[in-house]
Every structure is written in structure tokens, then in C-alpha cells.
Amino acid sequence: TLGVWYRRSDFDGRAREDAAGFVIGNRGYLCGGYRGKDQREKDCWEYNIDNDWWTQCKDMPDDATARNGAAGFAVGSKGYVTTGYTVYKDDDPMHTGGYAYLKDTWEYDPATNEWRQMDDYPGDARINAIAFTIGNYGYVGTGQSKDDKQTKDFYRFDPTAPSGSQWSIVNGFGGQKRTGGLSFIIDNVAYIVGGTNNGQDVTDFWKFDPSTESWTQLRDISDSSDEDYDDDYTITRTNGVAFVIDGAAYLTCGESGSLRSDTWKYYPATDLWENVAKFKGTARTATASFSSGEKGFVVSGKSGTTQFDDIWEFHPNEYDDDEY
């Protein structure tokens with residue numbers, strides 16, 4: 001089977017699920033997350049992609065509550081964490097069922113190891129949103145807000161704009177509402193895939209071109225009578241991860257009825273997917289990923305009530321004789 005998974009240096013922090021991740025240069029960052037028994041984190045860790053080691057960064061500040069299900073992205077030399085889920089505070093109007101949905105946005109600067117607060121996310125407070133970066137802007141949308149409401153709105157974030165005007169709405173997404181979807185970027189075009197809407201797997205697949213601010217629907221990711229499709233398309237899932245290596249996207253992990261370990265490669269030129277080597281760690285969901293464009297990683301996640309602290313790197317052009 002094409003592709004080999006290699007285990008790398010375990011995450012130095014506590015095992016967790018639902019953490020936010022972003023990449024700046026050859027460094028991956030993992031922030032926050034949930035580690036069971038109602039315990040949430042606000043720490044931040046840096047992974048050296050080239051040399052395979054972890055360094056603890058400064059925690060998010062006191063005003064930034066510990067959270068899971070947050071969205072993470074990077075613009076230029078700085079990283080951002082926004083939205084998420086936390087224990088309910090008595091004075092927080094966004095609470096539901098003892099918990100609070102969040103919309104505050106925080107900037108991390110690796111050069112100074114400092115955090116600062118940015119404008120709040122302008123849509124509903126939410127968890128499990130999709131986040132991506134193209135050029136000088138971050139984009140955050142979809143997810144689940146108060147009262148289990150799935151959403152489909154998107155907003156663009158400009159970190160250089162004056163306070164009070166850093167977010168602007170991005171119209172035109174015609175896809176289904178979803179929570180737990182994922183995204184990847186190829187040639188400055190964003191692709192939106194996966195997630196659930198009211199408990200059902202979402203099968204529509206979209207791309208967004210920021211140069212024209214246009215959304216285009218691609219082929220569905222479900223089984224199809226089209227002869228060009230693989231006979232066993234099983235790409236649908238929630239809380240999976242995707243990363244890009246050498247201009248191709250790879251999607252793995254997540255859940256759809258059961259935990260998933262199958263891995264799929266996407267070719268934008270043909271709009272087709274190919275099944276490649278299974279993820280070799282324990283099947284899991286609510287994981288995070290890093291991609292430098294040349295390397296792709298999966299880190300953390302959960303299976304049932306067990307959280308993970310292992311990290312795996314995928315080599316797409318090798319063959320695994322032991323693939324199972």
C-alpha cells in the first residue's frame with residue numbers, strides 16, 4: 001500500500017483531544033484541548049518539524065479561559081486561536097447546559113512568546129469550526145453554536161486592521177451546515193469537506209477561491225455510480241484531519257459511526273480521491289494535524305475516554321510491506 005506512517009517524539013504535554021493547531025514556518029503549535037473529567041487546557045506547545053522535539057510556550061493569558069473545540073490558524077509570523085468551549089461562568093450569557101461557547105480571539109507571537117487579545121469572532125459563539133489561511137487573511141466558519149445549532153457562515157480575519165474592524169463576512173457558501181468539518185489549502189484555494197449536520201454525515205465538497213471570492217461545489221464524497229470513482233468511497237467523517245504534502249491533500253482519522261483510520265489522497269486536477277495507507281496509530285477522532293507543505297503530522301486525539309499524546313508523520317511516496 002502506498003504511504004508509510006512513522007511514529008515521532010511523543011507530545012511533551014498532557015494527553016488530550018480537541019486541541020487547536022496551527023503552523024508557522026517549520027514549527028507546529030498545539031494549544032488548549034480537553035483531557036477528560038471536565039478538565040480543559042490553556043497551554044501552548046511548539047513542535048520543531050525538522051528536528052522532532054517539543055518546547056513549551058507561554059500559556060494563554062488569564063483572560064483567555066481554558067478551552068477545547070477552538071479554531072486555530074496562522075497569518076504570517078503569528079498564530080491565532082478563536083471560539084471554543086469551556087466550563088460555564090456565572091456571568092457568561094453564552095452558556096448552555098453548564099458550559100459556555102466562546103468567541104474571543106487571541107494572537108500568539110513566537111518571537112516574543114506573548115499573547116494579546118484581538119477582536120471577538122463576529123458570528124455566533126461556537127465549537128468545532130473550520131479554519132484556514134490564504135495569503136494575509138484567516139478564515140473561520142461553520143461549527144456548532146448554542147442549543148446544538150449547526151452553522152454555515154464564514155468570516156475573514158485581517159490581523160492588520162484596526163481594532164473593531166478585523167473581521168468581515170464572506171458570503172456565497174452554498175454548502176450544508178456542519179460541525180466537525182475540515183479544510184486544506186492547495187495553490188491558494190481552500191477546500192471544505194466532511195462534518196455532520198443534525199447527526200448525519202455531510203457529503204458535499206466545496207472549494208473557495210479568494211482571488212474571486214467565489215465558492216464552487218465539487219463532486220460529493222459519497223458512493224457514486226460515476227465510473228471514475230473508487231468503488232468504496234468512505235471519505236465521509238467528522239472531526240478528522242487533513243494536511244497537504246507536495247500539492248496533494250491527505251485526509252485521515254475522525255469518526256463516522258465508528259472511529260476511522262483509513263486515509264485518502266485528493267487530486268485537485270481530477271477532483272478524485274485515492275485510498276492510501278491506513279493511519280498506523282490507534283484509530284481516533286478529535287485529533288490535530290500539522291503540515292509544512294513537505295511533511296504532514298497527526299497529533300493527540302481520543303478513542304472513547306482515552307486521550308492520546310503520540311504524534312505520527314506520513315510519508316506518501318514510500319510503500320509499507322506491513323500494511324494491514
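The model is predicted. The protein chain has 0 helices and 32 strands. Its radius of gyration is 18 Å, close to the 20 Å that the globule rule gives for 324 residues, so the chain is as compact as a globular protein of that length.

**Overall build**

- Taken along the principal axes, the C-alpha atoms fill a box of roughly 55 × 40 × 35 Å.
- Of the 324 residues in the protein chain, 55% count as buried.
- Take the contacts between residues at least 6 apart in sequence: 53% of them join residues at least 24 apart.

**Surface and charge**

- The protein chain exposes about 13,500 Å². Carbon and sulfur atoms supply 41% of that area.
- There are 32 positive side chains and 54 negative ones. The centres of these two sets lie 4 Å apart.

**Strand S17 and its cover**

- Strand S17 runs through residues 189–193. The strand is mostly covered, with 5 of its 5 residues buried.
- Which residues of S17 lie on each side? Val189, Tyr191 and Val193 are on one side, while Ala190 and Ile192 are on the other.
- Both faces of S17 are covered, and these residues are all buried.

**The partners of S17**

- One partner is strand S16, residues 182–186. S16 and S17 pair in the antiparallel sense over 5 bridges.
- Within this pairing, Ile185 has Ala190 of S17 as its bridge partner. Ala190 is also one of the buried residues of S17.
- S16 and S17 form a hairpin with 2 residues between the strands. In this hairpin, Asp187 takes a positive phi near 55°.
- Another partner is strand S20, residues 206–209. S17 and S20 pair in the antiparallel sense over 3 bridges.
- Here Ile192 stands opposite Trp206 in S20.

**Phe279, a loop residue**

- Where does Phe279 lie? Phe279 sits in the loop between strand S27 (272–276) and strand S28 (288–291).
- Is Phe279 buried or exposed? Phe279 counts as buried, because its relative accessibility is 0% and the cut-off for buried is under 20%.
- Phe279 and Glu313 are 34 residues apart in sequence. In space, the two are 9.6 Å apart, C-alpha to C-alpha.

Key
Residues are numbered from 1 along each chain as its sequence is written. This is a predicted model: local features need pLDDT of at least 70, side-chain atom pairs count only at pLDDT 80 or more; totals for chains, interfaces and linings use all residues. Side-chain values use heavy atoms; hydrogens and water are left out. Helices (H or I, at least four residues) and strands (E, at least two) are DSSP runs, numbered from the N terminus. The radius of gyration is taken over C-alpha atoms; the globule rule is 2.2 Å times the number of residues to the power 0.38. Buried means under 20% relative accessible area, exposed over 50%, partly exposed in between (1.4 Å probe, protein chains only). Contact means heavy atoms within 4.5 Å. Accessible areas come from the Shrake-Rupley method with a 1.4 Å probe; for residues, only the protein chains shown count as cover. Lys and Arg count as positive and Asp and Glu as negative; His and the chain ends are not counted. The place of a charge is taken as NZ of Lys, CZ of Arg, CG of Asp or CD of Glu. Two strands pair if DSSP finds at least two bridges between them.
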